[in-house]
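Subject: Structure handover

Hello,

Here is the structure for you to look through. My notes on it follow below.

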Amino acid sequence: MASRSADSRNGNGTPPIDAVSLAIIEQLQQDGRRPYAAIGKAVGLSEAAVRQRVQKLQDQGVMQIVAVTDPLTVGFRRQAMVGITVEGDLDPVADALATMNEVDYVVMTAGSFDLMVEVVCEDDNHLLELINKRIRALPGVRATESFVYLKLKKQTYQWGTR
């Protein structure tokens, strides 16, 4: 079971998540294919109750259950983090970036960059086209800086619900 309530963590205006839902999330982070009956046994609920809670967490956008791959093994040989400096409102630029298939992560930041985006591309030419022709062409984009990934040492989503 989770050791602390989500009430202290919902400063973003979302409804609090109770300890049982947090425990369900932790179970699924360990194994996204774990049967609902096994999760129910671990958290003290029926299989049907777990199924309902999981569906509610997905509907609320609290979590997704997906297959995470190593991009290299599925044909994407170039990943990069791109720092972006924006003039004016960040939202339109962030929204436009979020629609690009190559972009899998968009975050507004405080610091040297206004936005950080992670991109997954087929090769260097694809990355160049994305940055030069599409990202830099967005209204409001003032500058970009690319951080090309040379080797992926760790990628995990099992941090629990601390």
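**Notes on the structure**

Ala-98 counts as exposed because its relative accessibility is 52% (buried means under 20% relative accessible area, exposed over 50%, partly exposed in between, with a 1.4 Å probe and protein chains only). This residue, Ala-98, lies in helix H4, residues 90-98. Helices here are DSSP runs of H or I with at least four residues, strands are runs of E with at least two, and both are numbered from the N terminus.

Before the rest, a word on the source. This is a predicted model, in which local features need pLDDT of at least 70 and side-chain atom pairs count only at pLDDT 80 or more, while totals for chains, interfaces and linings use all residues. Residues are numbered from 1 along each chain as its sequence is written, and side-chain values use heavy atoms, with hydrogens and water left out.

**The chain as a whole**

The protein chain has 5 helices and 4 strands. Along the sequence they follow the pattern α-α-α-β-α-β-β-α-β. Of its 162 residues, 33% count as buried. Among contacts in the protein chain with a separation of 6 or more, 62% are between residues 24 or more positions apart; contact means heavy atoms within 4.5 Å.

**Helix H1 and its partners**

Helix H1 (residues 19-30) and helix H2 (residues 36-43) have axes that come within 10 Å and cross at roughly 130°. H1 is therefore oblique to H2. Axes are lines fitted to C-alpha atoms, for helices over the stretch in contact, and angles run from 0 to 180 degrees between N-to-C directions. Angles under 35 degrees count as roughly parallel, over 145 as roughly antiparallel, 65 to 115 as roughly perpendicular and the rest as oblique.

On the H1 side, Val-20, Ala-23, Ile-24, Gln-27 and Leu-28 meet Ile-39, Ala-42 and Val-43 of H2. By class, the residues of this contact of H1 with H2 are 7 nonpolar, 1 polar and no charged (Ala, Val, Leu, Ile, Met, Phe, Trp, Tyr, Cys and Pro count as nonpolar, Asp, Glu, Lys and Arg as charged, and the others, Gly among them, as polar). Gln-27, in helix H1, is buried, with a relative accessible area of 16%. Not counting residues up to four places away in sequence, Gln-27 touches Arg-34, Ile-39, Ala-42 and Val-43.

H1 also packs against helix H3 (residues 47-59), at an angle of about 85° and with the axes 11 Å apart. H1 and H3 are therefore roughly perpendicular to each other. Val-20, Ser-21, Ile-24, Ile-25 and Leu-28 of H1 make this contact with Val-50, Arg-53, Val-54 and Leu-57 of H3. The contact of H1 with H3 divides into 7 nonpolar, 1 polar and 1 charged residues.

Strand S2 (residues 103-108) pairs with strand S3 (residues 115-121) in the antiparallel sense over 5 bridges; two strands pair if DSSP finds at least two bridges between them. Val-103 stands opposite Val-119 in S3. The hairpin has 6 residues between the strands, and Gly-111 in it takes a positive phi near 135°.

Val-106 is found in S2 and is partly exposed, with a relative accessible area of 30%. Leaving aside neighbours within four places in sequence, Val-106 is in contact with Ala-94, Leu-97, Ala-98, Met-116 and Val-117. The C-alpha atoms of Val-106 and Ala-94 are separated by 6.8 Å, and the two residues are 12 apart along the chain. Ala-98 and Val-117 are 19 residues apart in sequence and 8.9 Å apart in space, C-alpha to C-alpha.

Regards
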